[in-house]
Amino acid sequence: MAFKENDKAIYLQIADGICDGILTGTHLPGSRILSVREYASRMEVNANTVMRSYDYLERRGIIFNRRGIGFFIADDAAGTIRDERRESFFNGEADSFFHRMMTLGITPSEISTLYTEYLNNNQKK
């Protein structure tokens, strides 16, 4: 995972990556995820950074810990993530997106066409 040079902390970028994996089916409900040390080694970050990510995800109910066994994906993790991301989109990102559409003269029908093409191209994968 390549970290982005932005204002978002690395532990949040790691958490987002895990959430993306849940939404795409890479991490299935009830499945075990890498240990903190394994994940830190794979990502080449400090184990404390990964632990912070796992704590963050655990507080949100996306993963849970079975003492001595490891961390697992919660059964309703995908729904929780989707709900949170939809709320974030509608309460912040959508305004910026619509403003940009307006200033560039992009019509809703153009977006609809692009979105339909995107869906068609990505459902084949």
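Guide: Six aromatic pairs are counted here, where rings of Phe, Tyr and Trp (its six-membered ring) pair if their centres lie within 6.5 Å. The model is predicted, so local features need pLDDT of at least 70 and side-chain atom pairs pLDDT 80 or more, while totals for chains, interfaces and linings use all residues. Residues are numbered from 1 along each chain as its sequence is written, and side-chain values use heavy atoms, without hydrogens and water.

Visitor: Why is the pair of Tyr54 and Phe71 called edge-to-face?

Guide: The planes of Tyr54 and Phe71 stand at 70°, with the ring centres 4.9 Å apart, so the pair is edge-to-face. Planes over 60 degrees apart count as edge-to-face, under 30 as stacked and the rest as tilted. Tyr54 lies in helix α3 (residues 47–59) and Phe71 in strand β2 (residues 70–73), 17 residues apart. Helices (H or I, at least four residues) and strands (E, at least two) are DSSP runs, numbered from the N terminus.

Visitor: What makes Thr80 count as buried?

Guide: Its relative accessibility is 18%, and buried means under 20% relative accessible area, exposed over 50%, partly exposed in between (1.4 Å probe, protein chains only). Therefore Thr80 counts as buried. Thr80 is in helix α4.

Visitor: Why is Phe98 called partly exposed?

Guide: The relative accessible area of Phe98 is 49%, which falls between the two limits for buried and exposed, so Phe98 is partly exposed. Phe98 belongs to helix α4 (residues 77–104).
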